[in-house]
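Open the model in your viewer and switch to a cartoon view. Let us walk through it, one selection at a time.

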Amino acid sequence: MTLMNDFNGAPIELHRIVAKPLYFGLISNVIIPMGLLMACFYHDKYYDIENKLGDFANPLFYVFLVMAATEGAFAFWWRGKLLEQPMVRSKETFQKDIMDGLIRASRPVFIIIASISMYGYLFYFLTGSFREAVFMVLFSFIVFQIVRPRLGGVNKFIERQYKMTQEGKFYVGDNLQSS
């Protein structure tokens, strides 16, 4: 079932619904991490950073890698849980509520994904190893690519929200309301 209209008969504009969360994700998970990585590259090219950790550098990298993988899996799981919740306040504001709900659910997940790249910057400034910083930024970008909103997924999300709205399940802050 592909919804073409909301409860008011207005056509559902998937591209408008996807745009705001996608732009937020691109800024927080691509532009800012790449800008910080460019700053690390500049710093690496003109300044030397000594390895402050010595032999502990490699084990720490693997600890950061496990933490990053855990955060990536958590972001994927949490996004699914957040998108299963009712996000529509009323039938009259269906499309606006969908847009607001998707950005509200996406922001914390995208922030968690962006934090993965922080492990790379931290590792760089502790060890002077730029390659591992690049790896962490690329890993966070890959997680973003897996989790980001896509038209097909958003269409299914809208269908679930439409069904919940028909069942009388509405968003009222942190509580579920049935009417």
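Start with α3 and α5: the crossing of these two helices is right-handed. This is a predicted model. Select residues 94–127 for helix α3 and residues 151–166 for helix α5. Their axes come within 11 Å and cross at roughly 125°.

Now show side chains. From α3, pick F94, I98 and L102. From α5, pick V154, F157, I158, Q161, Y162 and T165. These residues make the contact. What classes do the residues of the contact of α3 with α5 divide into? Seven are nonpolar, two are polar and none is charged.

**Next stop: α4**

Select residues 130–147, which form helix α4.

Which residues of α4 are buried? They are F130, E132, A133, M136, V137, S140, V143, F144 and V147. Colour them. The buried residues of α4 pack against α1 (14–46), α2 and α3.

Keep α4 on screen and bring back α3. Here the axes are 7 Å apart, and the packing angle is about 170°. An angle over 145 degrees counts as roughly antiparallel, so α3 and α4 are roughly antiparallel to each other.

Look at the residues that meet. On the α3 side, select V109, F110, I113, I116, S117, Y119, G120, Y121, F123 and Y124. On the α4 side, select F130, E132, A133, M136, V137, F139, S140, V143, F144 and V147. By class, this contact of α3 with α4 has 16 nonpolar, three polar and one charged residues.

**Last stop: α2**

Select residues 57–83 for helix α2 and leave α4 in view. The two helices pack at about 15°, with axes 10 Å apart. Angles under 35 degrees count as roughly parallel, so α2 and α4 are roughly parallel to each other. Their crossing is right-handed.

Finish with the side chains. F61, F64, L65, A68, A69, G72, F76 and R79 in α2 meet E132, F135, M136, F139, V143, I146 and V147 in α4. The contact of α2 with α4 has twelve nonpolar residues, one polar and two charged.

Definitions and conventions: Residues are numbered from 1 along each chain as its sequence is written. This is a predicted model: local features need pLDDT of at least 70, side-chain atom pairs count only at pLDDT 80 or more; totals for chains, interfaces and linings use all residues. Side-chain values use heavy atoms; hydrogens and water are left out. Axes are lines fitted to C-alpha atoms, for helices over the stretch in contact, and angles run from 0 to 180 degrees between N-to-C directions. Helices (H or I, at least four residues) and strands (E, at least two) are DSSP runs, numbered from the N terminus. Angles under 35 degrees count as roughly parallel, over 145 as roughly antiparallel, 65 to 115 as roughly perpendicular and the rest as oblique. A crossing is left-handed if the near helix is turned anticlockwise from the far one by less than a right angle, and right-handed if clockwise. Contact means heavy atoms within 4.5 Å. Ala, Val, Leu, Ile, Met, Phe, Trp, Tyr, Cys and Pro count as nonpolar, Asp, Glu, Lys and Arg as charged, and the others, Gly among them, as polar. Buried means under 20% relative accessible area, exposed over 50%, partly exposed in between (1.4 Å probe, protein chains only).
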